[in-house]
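Here are a few exercises to work through with the model open beside you. Try each task before you read its solution.

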Amino acid sequence: MKHTIKIAPSLLSADFSCLSAELKTVEKAEFLHIDIMDGHFVPNITFGPPLVKAIRKESGLFFDCHLMVTNPLKFIPAFAEAGADIITVHVEAEDDTAKCLQAIKACGKKCGIVLNPDTPAEAAEPYLDDVDMVLLMSVYPGFGGQKYIPAVTAKIKALKEKIGDREIDLEIDGGINLETIRQAAEAGANVIVGGTAVFGAENRPAAIQKLREAAVL
Ligand code: DX5
Ligand code: ZN
């Protein structure tokens, strides 16, 4: 079954001085991608649960919390309570991935795993019966505005095959623009993160629409 395309603007590229207004500009998207960075797993710090809780009141989008943290286990309940709809954890994090997925489900939320660019597709295999989404990084995590790593396209294809008939979303994150989105979608990605591509655009609804059109094969 072909999954429908879901556009996920990445909050990291929004203007933090007026988040409420920024969120209104992306309400035509499906997901809001929220990058949680701890300054340890990645060399940058971003948002905590209070921020997620505050913006939960401002948006009806599906909150996609991407945890780039060394120890996700201790933060999962707080992000769940703050209003996350799905929480994804890196297989490269220190905490046991299966335990993290159980903890997310125990909070009543959807769960997913994330693979860094250099992590092989096989690393996702043990978890495919337990996740709602697999997120593939197409840049090294930590910052917005980087270039899409073309080698990741083959990994999207490989993952898509491994997923087979399972109802799992396949998300791609990093360096997505109107060019790179085509190869990612053609390879099988259906949840498309856009930081610069959405919040860097003057007209966000138009940017979302253009990405959506470019992703439809
Ligand atoms: C990078 C983050 C991305 C980032 C993408 O570590 O995980 O979600 O916001 O930004 P762009 O789309 O600008 O590459
Ligand atoms: Zn992300």
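**Exercise 1: the ligand site.** Which of the 20 residues around ligand 1 come nearest?

*Solution.* Before starting, note that this is a predicted model, where local features need pLDDT of at least 70, side-chain atom pairs count only at pLDDT 80 or more, and totals for chains, interfaces and linings use all residues. Residues are numbered from 1 along each chain as written, chains are lettered from A and ligands numbered from 1 in the order written, and side-chain values use heavy atoms, leaving out hydrogens and water.

Step 1. Ser10, Asp35, Gly142, Asp173 and Thr196 come nearest to ligand 1, where a residue is near if one of its heavy atoms lies within 4 Å.

Step 2. Look for polar contacts, that is, pairs of N or O atoms within 3.5 Å; within protein, one must be able to donate a hydrogen and the other to accept it, and residues adjacent in sequence count only if both atoms are side-chain atoms. A polar side-chain atom of Ser10 is 2.7 Å from an oxygen atom of ligand 1. For an N or O atom in the side chain of His33, the distance to a ligand 1 oxygen is 3.3 Å. Gly195 contributes a polar backbone atom, 2.8 Å from an oxygen atom of ligand 1.

Step 3. Of the 380 Å² of accessible area that ligand 1 has on its own, the protein covers 99% (Shrake-Rupley method, 1.4 Å probe; for residues, only the protein chains shown count as cover).

**Exercise 2: the metal site.** Find the protein donors of the zinc ion (ligand 2) and assign the geometry of its site.

*Solution.* Step 1. Donors are N, O and S atoms within 2.8 Å of the metal (3.2 Å for Na, K and Ca); water is not among the atoms, so sites may look incomplete. The protein donors here are His33 (NE2), Asp35 (OD), His66 (ND1) and Asp173 (OD), 2.0 to 2.3 Å from the zinc ion.

Step 2. The 6 donor atoms make angles of 68 to 168°, and the site is octahedral (six donors, opposite ones over 155 degrees apart and all others between 65 and 115).

Step 3. Along the chain, the donors follow the spacing H-x1-D-x30-H-x106-D. Asp35 in strand β2 (residues 31-37) and His66 in strand β3 (residues 62-68) are 31 residues apart; strands are DSSP runs of E, at least two residues, and helices runs of H or I, at least four, numbered from the N terminus.

Step 4. Asp35 is buried at 4% relative accessibility, and His66 is buried at 0% (buried means under 20% relative accessible area, exposed over 50%, partly exposed in between, with a 1.4 Å probe and protein chains only).

Technical notes
Four donors count as tetrahedral if all angles lie between 85 and 135 degrees; four count as square planar and six as octahedral if opposite donors are over 155 degrees apart and all others between 65 and 115; anything else is irregular.
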